[in-house]
Amino acid sequence: MSIELSLERIRLLASHLPSYTRPTIHIAGTNGKGSVTCILSSIFLASGLTVGRFNSPHLVSVQDSILINEQSISLQDYTLARAAIESADQEHGTQVSSFELLTLVALQVFEKFAVDVVVIEVGMGGRLDATNVIPDESILLSALTAVDLDHQAFLGNTVELIAKEKAGIARKNKPFVLGIQKYAAVENAARSIIDQTGGHFIATHPAQGRAWDKTIDGPLSPTFSLNADSFRPPPAQPITFTSSAFPNGLSALLSLNGAHQVDNLSLALTVISTLMMHPSCASRMPESFSARVLKNIQTGIRNATWRGRLSFHRLTISSPIQRAITVLVDGAHNHASSETLASYVSNLVTMLDRNPQVRKLRLTYVLALSHSPPKIPRDTLSPLFASRSNTQLSIQTKVAAVRFTSPEGMPWVKSVPPSEIAATVRESVSGVGLWVASDESEIQGQLESALEWAIAEEPYVRGTEGEDGVQELVIVAGSLYLVADFYRLVAKQEVNPG
């Protein structure tokens, strides 16, 4: 089945299922909506609430998209809910899509376990997305993260049209929180839909970066290092935030990597403020919600993690010689998210540049892309290979182009042929080592082969950066489906170490 955006099928099937009543926060956007859901869930969990969270696509297994208290639901709970919905689908001939079915599974599981609050990420768009089946009375508020060009074939060719589709999750008499936007036109487009719907527009209060304060934040961690055997991550980001719910200011540490996450945190904290202060929300939240949040919100912010989004991992490669490497995994899959990844890599280079003992960085990209016209490979890849002129480091760049495993239940999702990725890389940058997987042969093993190639041509880096001044980083990016393949490889290595 191809993608057909409509609420007709899912609404009909939902009418034959137990009613969904859980208090829900509904989040749309091009980039950042998953990060916002994870920050919110972490804050709710730290504050003692039971939390349901629904994200898509899943990374490793389909039930990973449905979480309760930050843990994937069990295969048994998933299977039981799915079987009941499939039975109803067959009985009433609704013929829902795989994503519509998954959405209903999530809602029924959250209802079964009577969670205190649910955070739902829109799949694509908003107005006609399956998640918009949630009844008005269950919606606490809606929110919109950064809007950019993506999925134009379904949502429109301008950010204004895309913003209108995404703002279609607005509900009458309910708050709608607009996140920080790159394009001014997004606010006007979103406001027009919110006003038509009768929603309450709320602009995000921006969080601000601040200097590290030992009295608040504790001691600053040791110098950042990419060395796999003595990896030290970049420090958390100190922030401050002020709103009517936090009039004296909130100081916290954000563990999520990337300056863009401060914008996502800003939206999440404005959502929390709205839940505490807006009359339509405050009455729906559990008793003493505000007091619990005020006591625990710093812990929730610090604990927030989001796999596959600027996530560091240590992986052991067995061939040609067994050794560990540091891998940065990111689901950047459009121009805007690739700009974010490129900016973060530049920040890492700047941090390494400050260390006089580091003189060289070996940087390998392992890339796969989804075939998604009118988007072309250059749209996603061009930001990654922009010139870095303000560094003393010698940077050696290599690129491996691969395909990803097609996600379960989504046979229409296809990889861009690696040869097309390679051609785009050659057009974008010169002097880059290339390894190109086959366009036609078996996908299984391509990622592993690419990772082996990443270290095969270089002699083993035996010492620390202080001895030879060389650090290495492998970046897996271009598609969340490739990220999923990476996590399957990690899980396989954990089961069979060495």
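View 1. Let's start with Arg 323, which is buried at a relative accessible area of 7% (buried is under 20%, exposed over 50% and partly exposed in between, with a 1.4 Å probe and protein chains only). Its partner here is Glu 472, and their side chains form a salt bridge with an N to O distance of 2.9 Å (a side-chain nitrogen of Lys or Arg within 4 Å of a carboxyl oxygen of Asp or Glu). Arg 323 lies in strand E13 (residues 323–329) and Glu 472 in strand E17 (residues 470–477), so the bridge ties together parts 149 residues apart in sequence (strands, E, at least two residues, and helices, H or I, at least four, are DSSP runs numbered from the N terminus). Glu 472 is buried too, at 17%. This is a predicted model, in which local features need pLDDT of at least 70 and side-chain atom pairs pLDDT 80 or more, while totals for chains, interfaces and linings use all residues. Residues are numbered from 1 along each chain as its sequence is written, and side-chain values use heavy atoms, without hydrogens or water.

View 2. Asp 148 is buried at 9% relative accessible area, whereas Lys 182 counts as exposed at 52%. Their side chains meet in a salt bridge of 4.0 Å, N to O. Asp 148 sits in the loop between E6 and helix H5 (152–155), and Lys 182 in the loop between strand E7 (175–178) and helix H7 (184–197), 34 residues apart.

**View 3. Arg 488 and Asp 485 on helix H17.** These side chains form a salt bridge of 2.7 Å, N to O. Arg 488 and Asp 485 are three residues apart in helix H17 (residues 480–495), which means about one helical turn separates them. Arg 488 is partly exposed at 30%, while Asp 485 is buried at 11%.

**View 4. Leu 275 in the largest nonpolar core.** This core has 43 residues, and Ile 25, Leu 40, Phe 44, Ile 272 and Leu 275 touch the most other members (a core is a set of buried Ala, Val, Leu, Ile, Met, Phe, Trp, Tyr and Cys residues joined through side-chain atoms within 4.5 Å). Helix H9 gives the most to this core, with nine residues. Beyond its neighbours within four places in sequence, Leu 275 is in contact with residues including Ile 25, Phe 44, Leu 140 and Phe 289 (contact is heavy atoms within 4.5 Å).
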